[in-house]
Amino acid sequence: MRERPLPWSARTYIGAAVAGCALAAAPGLLPAAQGLTRTHWPTVALLALAYAACEWLPRCPLLAHRMPKEISAPADPGGSPPRWATPLPLAAALLLPPPAALLAVLPGALLGRTAGGRPHRAARRIWHAAQLGLAVWTAALVHHLLGSADALGRPAPALLLPALAAAAAFSLFLTLSDGGVLVAAEGCSPRAAWRGRLLRGLVPHLVHGLAGLMTALLWVGPYGPPAALCVLMPMVTGCWVVAQYQRERAAHRATVRALVQAVDIKDRYTRGHSERVGRASALIAAELGMDADRTEALRLAGILHDVGKLGVPTRILRKAGPLTDEERRIIQLHPEYGHEMVRGISFLGEARAAILHHHERLDGSGYPHGLRGKEIPETARAVAVADTFDAMTSTRSYRRARPVAEAVAELRRCAGRELDPRMVRALVRALERGGWSPAVTADGPAPDLPAARTAAALDPTGRHR
């Protein structure tokens with residue numbers, strides 16, 4: 001399939017960037033201007049070589065498949081370099097005059113990866129180089145306006161303001177030019193093109209600016225460029241750790257999402273119930289002042305509390321008419337089934353105990369183990385309240401939802417006998433402050449009548465047991 005031609009507005013925009021880049025670099029190349037710019041070609045060559053290597057490594061056939069994409073990808077879909085390599089362009093802006101700083105990053109920028117895939121790859125590469133070159137030129141200009149040619153010889157505190165200002169100028173230029181190319185090439189509205197971009201990029205670039213300052217100071221220090229390049233090592237390590245954390249969190253979310261979707265497919269008449277119980281459980285945790293880890297564990301417990309239904313035969317879940325005692329005993333095994341399913345998922349932590357015991361009641365009338373009072377884990381007592389509340393306030397195929405006020409009155413009536421009064425009070429306080437907006441549980445097509453009658457047999461009073 002032929003790619004869509006690049007709009008003339010985009011060609012003009014990229015052409016203007018290339019022309020601006022050439023004009024900005026010219027004083028560093030023209031012999032007549034060498035006295036003004038004091039280009040130190042060995043420094044330019046070493047920085048160009050180091051940065052070109054950083055940009056080329058993610059494209060190396062031997063290494064590309066081994067590098068996490070979170071590390072090797074550009075920090076932004078525009079002209080930003082890879083996250084861990086950003087200190088080098090900023091160090092060039094602090095070490096060199098503006099034209100020389102631009103020349104130091106240009107070869108690497110032409111070698112770098114371009115976001116956006118195959119269409120218009122040459123245009124993307126040219127834009128990437130021109131944009132990054134002008135961003136570094138702008139940063140170097142700001143630094144030299146605030147500092148001087150021997151700025152790196154000053155005491156360290158005096159270097160911070162020029163370095164941070166240069167990093168801010170670098171970030172601002174990338175943000176404005178990124179938005180501009182989206183407007184020119186894709187017809188985005190200016191508001192959509194620039195919304196949120198500045199704040200998203202400013203803080204990381206300020207941090208990279210400090211790393212760039214460290215690189216520049218080491219570069220002119222007694223140990224020279226080899227020591228300066230060592231600054232990149234903690235940046236690579238930090239990016240790898242963040243990438244691993246993000247990958248692990250994504251795997252956790254995918255695991256939970258898959259389990260919940262499986263429950264919803266099997267027991268579609270309680271669709272959305274799991275997410276709402278997770279939300280109500282998190283409200284209770286926040287009201288009780290639990291830390292972020294325990295709050296997240298409680299939210300996951302609420303989301304996965306019914307995962308054991310996957311172990312209950314579908315014929316029982318969808319049986320027409322009342323359940324036999326044997327069938328009811330099988331359904332009451334679902335907390336144990338759920339606990340076995342998640343036993344090996346280490347990131348759930350306390351959530352596993354809540355999945356097992358969320359049907360226990362303070363007076364010992366619950367299941368599966370008939371625990372009483374404080375024998376029931378705190379997380380399970382919280383999920384029990386959230387589960388009961390959502391069951392009462394959700395519309396089912398066989399009854400309408402109760403009003404929140406009526407459900408709260410029922411929770412208070414059961415507090416101290418079946419439900420933990422402390423958890424009930426916490427949920428009530430959260431509801432009074434923020435309200436509750438339950439969605440219809442049995443959304444989509446109307447259920448078949450036999451399954452509706454079975455659900456009613458499982459929940460005849462409107463309270464979830």
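Helix 13 and helix 14 are roughly antiparallel to each other, a term applied to angles over 145 degrees, with those under 35 counted as roughly parallel, 65 to 115 as roughly perpendicular and the rest as oblique. The model is predicted, so that local features need pLDDT of at least 70 and side-chain atom pairs count only at pLDDT 80 or more, while totals for chains, interfaces and linings use all residues. Residues are numbered from 1 along each chain as its sequence is written, and side-chain values use heavy atoms, with hydrogens and water left out.

The axes of helix 13 and helix 14 (residues 292–304) come within 7 Å and cross at roughly 155°. Axes here are lines fitted to C-alpha atoms, for helices over the stretch in contact, and angles run from 0 to 180 degrees between N-to-C directions. The crossing of helix 13 with helix 14 is right-handed; a crossing has this hand if the near helix is turned clockwise from the far one by less than a right angle, and is left-handed if anticlockwise. On the helix 13 side, Ser274, Glu275, Val277, Gly278, Ser281, Ala282, Ala285 and Ala286 are in contact with Thr295, Leu298, Arg299, Gly302 and Ile303 of helix 14, contact being defined as heavy atoms within 4.5 Å. By class, six of these residues are nonpolar, five polar and two charged. In this division Ala, Val, Leu, Ile, Met, Phe, Trp, Tyr, Cys and Pro are nonpolar, Asp, Glu, Lys and Arg are charged, and the others, Gly among them, are polar.

Helix 13 (residues 273–287) also packs on helix 19 (residues 378–393), with axes that come within 8 Å and cross at roughly 130°. The two helices are therefore oblique to each other, and their crossing is right-handed. His273, Arg276, Val277, Ala280, Ser281 and Ile284 of helix 13 meet Ala382, Val383, Val385, Ala386, Asp387, Asp390 and Ala391 of helix 19. This contact comprises eight nonpolar, two polar and three charged residues. The loop between helix 18 (351–357) and helix 19 holds Pro368. The peptide bond from Tyr367 to Pro368 is cis, with omega near 15°, whereas most peptide bonds are trans.

A further helix pair is formed by helix 20 (residues 404–414) and helix 21 (residues 421–434), which pack at an angle of about 160° with their axes 10 Å apart. Helix 20 is thus roughly antiparallel to helix 21, and the crossing of this pair is left-handed. Val404, Val408, Leu411 and Arg412 in helix 20 touch Val424, Leu427, Val428, Leu431 and Glu432 in helix 21. Seven nonpolar and two charged residues make up the contact, with no polar ones.

Over the whole chain, the secondary structure consists of 22 helices and zero strands. Helices (H or I, at least four residues) and strands (E, at least two) are DSSP runs, numbered from the N terminus. Of the 465 residues, 48% are buried, that is, under 20% relative accessible area, against over 50% for exposed and values in between for partly exposed (1.4 Å probe, protein chains only). Among contacts between residues at least 6 apart in sequence, 70% join residues at least 24 apart.

The largest nonpolar core has 47 residues, of which Leu47, Leu88, Leu96, Val136 and Phe170 touch the most other members. Such a core is a set of buried Ala, Val, Leu, Ile, Met, Phe, Trp, Tyr and Cys residues joined through side-chain atoms within 4.5 Å. Elements giving two or more residues to this core include helix 1 (8–29), helix 3 (41–56), helix 7 (121–146) and helix 8 (156–186). Helix 7 provides the largest share, nine residues. Leaving out residues up to four places away in sequence, Leu47 touches Leu88, Ala92, Leu95, Leu96, Ala104 and Trp219. A second, separate core of 44 residues includes Val263, Leu300, Ile303 and Val383.

Two individual positions were also examined. Pro162 lies in helix 8 and is buried, with a relative accessible area of 6%. Apart from neighbours within four places in sequence, Pro162 is in contact with His143 and Leu146. The C-alpha atoms of Pro162 and Val142, 20 residues apart in sequence, are 7.5 Å apart. Leu202, in helix 10, is partly exposed at a relative accessible area of 25%. Leu202 touches Ala168 and Ser171, residues up to four places away in sequence not being counted. Between the C-alpha atoms of Leu202 and Thr175, 27 residues apart along the chain, the separation is 9.0 Å.
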